[in-house]
Amino acid sequence: MNDLSSPFASRDAQSNIINNPDIPTSEKFSDPLEEQTHRKKRLVVSLKLFSSFGFDEGVAGHITVRDPIDQESFWVNPFGIHFSEVGITDLIRVTHDGKIVEGTNPVNAAAFAIHSRIHMAHPNINAACHAHSVYGKTWSTFGQCLDPITQDSCAFYEHHDVFKQYSGLVLETSEGDEIAKLLSNKKALILQNHGLLTVGSFVESAAWWFITMERSCQAQLMANSVNGKDIIRISNDAARKAFDIIGNEEAGWFGFQPLLQKIIKKYPELK
Ligand SMILES: [Zn+2]
């Protein structure tokens, strides 16, 4: 069931898609080692998806997932390796105070400064994604939240914010703390003049929020660029109703599944 203590929870559990018994729900694990392997595989799948969507920009971008055994540490992709090339054995485990405890690759300092503080501040956030995707960073230059103008954008209605303090590369954990504060009841941030950041209880949901948020940025940019036509905004009430169905964590996990199937077909070892 959806965790109603989570900031990502549906406003109305009765309207949650998981009430439909035919719809698959997130995996439950009794063995932490099995869960660790699962999370690492899904992290690698998410990186492959980010590559396929063209979210790479040189060495920028990181996806992290909390280690289910040592929960004061997280797994992250290595610095300087293309999203598409990262395998499970390339992942690095870093503690919240910055010690590399597994893996030999370098870690992006910004990944540590941002993600360690998010994972520390929010025990319910198990995964976080950040990349310099083109539509996200373009939309970020306006310093504004997305409007509820399409059904898909309602997944973020009242559940995202803008981090406005662009001060150069995020290398200080104090800035990571400020970013983490804004996520106290949100699933995503628009980092002004920078790019998107999404979080989730699952790496699957965090990655899906990133993918669909990037596309919502694209949709709003395209809609805004048409001269002479007014954009019809979805009513607040309808946006909240849509959010309740598509904006909760199980819906995010479910949104990831068709994309996962495509990757597993090519890389069956990631199943
Ligand atoms: Zn960045």
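In strand E5, the side chains of Ala127, Cys129 and Ala131 point one way and those of Ala128 and His130 the other, and all are buried. Strands here are DSSP runs (E, at least two residues), helices are runs of H or I with at least four, and both are numbered from the N terminus. Buried means that 20 or more other C-beta atoms lie within 10 Å of the residue's own, exposed that 12 or fewer do, and partly exposed covers what is in between, with C-beta atoms placed from the backbone. The model is predicted: local features need pLDDT of at least 70 and side-chain atom pairs pLDDT 80 or more, while totals for chains, interfaces and linings use all residues. Residues are numbered from 1 along each chain as its sequence is written.

Because five of the five residues of E5 (residues 127–131) are buried, the strand is largely enclosed by the rest of the structure. Two strands pair if DSSP finds at least two bridges between them. E5 pairs in the antiparallel sense with E1 (residues 62–66) over four bridges, and with E8 (residues 195–200), also antiparallel, over five bridges. Cysteine 129 of E5 stands opposite isoleucine 63, and its bridge partner in E8 is threonine 198.

Cysteine 129 is also touched by phenylalanine 210, as are Ala131, Leu196 and Thr198, leaving aside residues up to four places away in sequence. Contact means C-beta atoms, placed from the backbone, within 7 Å. Phe210 is, with Ala206 and Ala207, among the residues with the most contacts inside the largest nonpolar core, which has 66 residues. Helix H5 (residues 203–224) gives the most to this core, with nine residues. Such a core is a set of buried Ala, Val, Leu, Ile, Met, Phe, Trp, Tyr and Cys residues joined through C-beta atoms within 7 Å.

Conventions: Two residues are in contact if their C-beta atoms, placed from the backbone, lie within 7 Å.
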